[in-house]
Amino acid sequence: PVNGIYFFNGAAYSVGTTFSQCWYVKNGSRASGTDWTSNNSMQVAATILKLNANDTVGFHPYISSSSNITIDPNPSHTYFTGALLYEV
C-alpha cells in the first residue's frame, strides 16, 4: 500500500429490490462526494479518492425501506474494483 490517487468502480445488483442510492466508504465512514442516486435494481458508481497507505475503501449500496439486501453474486452484475492511478 502507498499514498496515492486511486480509481474505484463498484456495482451491486439485486433481483426484485430497488436501490435508492450508493456511496463509497473510506476508513469506515461515508466518503465525501461519492454519493450516487438511482431508483432501480442495479447501482453502479465510480470514484477517484486520495488515500494514504493502509486506508480502507468499500462500496455501499443502500435501500431506504429495508436493512436486508440479497445481492446477486453473479460477477458480471456485482463487483468492486480499484487501481492506483499514481503515487503522491
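A strand here is a DSSP run of type E with at least two residues, and strands are numbered from the N terminus. The model you are looking at is predicted.

Start with the overall build. The protein has seven strands and zero helices. Read from the N terminus, its elements run β-β-β-β-β-β-β. There are 88 residues in the protein, and 31% of them are buried. The accessible surface comes to about 5,300 Å². Carbon and sulfur atoms hold 51% of that surface.

Next, go inside. The largest nonpolar core has twelve residues in all. Three strands each supply at least two of the core residues: β1 (4-13), β2 (19-26) and β5 (42-51).

Is threonine 34 buried or exposed? Threonine 34 counts as buried because its relative accessibility is 1%, and the cut-off for buried is under 20%. What does threonine 34 touch? Leaving out residues up to four places away in sequence, its partners are Cys22, Trp23, Tyr24, Thr47 and Leu49. Tryptophan 23 and threonine 34 are eleven residues apart in sequence, and their C-alpha atoms are 5.2 Å apart in space. Threonine 34 also has a polar contact. Its side chain reaches the backbone oxygen of alanine 31 at 2.8 Å.

The structure holds one. It joins arginine 30 and aspartate 35, whose closest N and O atoms are 2.8 Å apart. How exposed are the two partners? Arginine 30 has 43% relative accessibility, so it counts as partly exposed. Aspartate 35 has 41%, so it counts as partly exposed.

Now move to the surface. Phe7, Ile48, Leu85, Tyr86 and Val88 form a nonpolar patch there. Together they have about 480 Å² of accessible area.

Finish with two loops, each holding an asparagine with a positive phi. Asparagine 27 lies in the loop between β2 and β3. Its phi is near 50 degrees, a positive value in a residue other than glycine. Asparagine 27 has a relative accessible area of 42%, so it is partly exposed. Asparagine 54 lies in the loop between β5 and β6 (57-62). Its phi is positive as well, at about 75 degrees, although asparagine 54 is not a glycine. Asparagine 54 is exposed because its relative accessible area is 60%, and exposed means over 50%.

Technical notes. Residues are numbered from 1 along each chain as its sequence is written. This is a predicted model: local features need pLDDT of at least 70, side-chain atom pairs count only at pLDDT 80 or more; totals for chains, interfaces and linings use all residues. Side-chain values use heavy atoms; hydrogens and water are left out. A salt bridge is a side-chain nitrogen of Lys or Arg within 4 Å of a carboxyl oxygen of Asp or Glu. Buried means under 20% relative accessible area, exposed over 50%, partly exposed in between (1.4 Å probe, protein chains only). Contact means heavy atoms within 4.5 Å. A polar contact is a pair of N or O atoms within 3.5 Å; within protein, one must be able to donate a hydrogen and the other to accept it, and residues adjacent in sequence count only if both atoms are side-chain atoms. A nonpolar core is a set of buried Ala, Val, Leu, Ile, Met, Phe, Trp, Tyr and Cys residues joined through side-chain atoms within 4.5 Å. Helices (H or I, at least four residues) and strands (E, at least two) are DSSP runs, numbered from the N terminus. Accessible areas come from the Shrake-Rupley method with a 1.4 Å probe; for residues, only the protein chains shown count as cover. Patches are made of residues with over 30% relative accessible area and no salt bridge: like charges are joined within 9 Å, nonpolar side chains (Val, Leu, Ile, Met, Phe, Trp, Tyr) within 5 Å.
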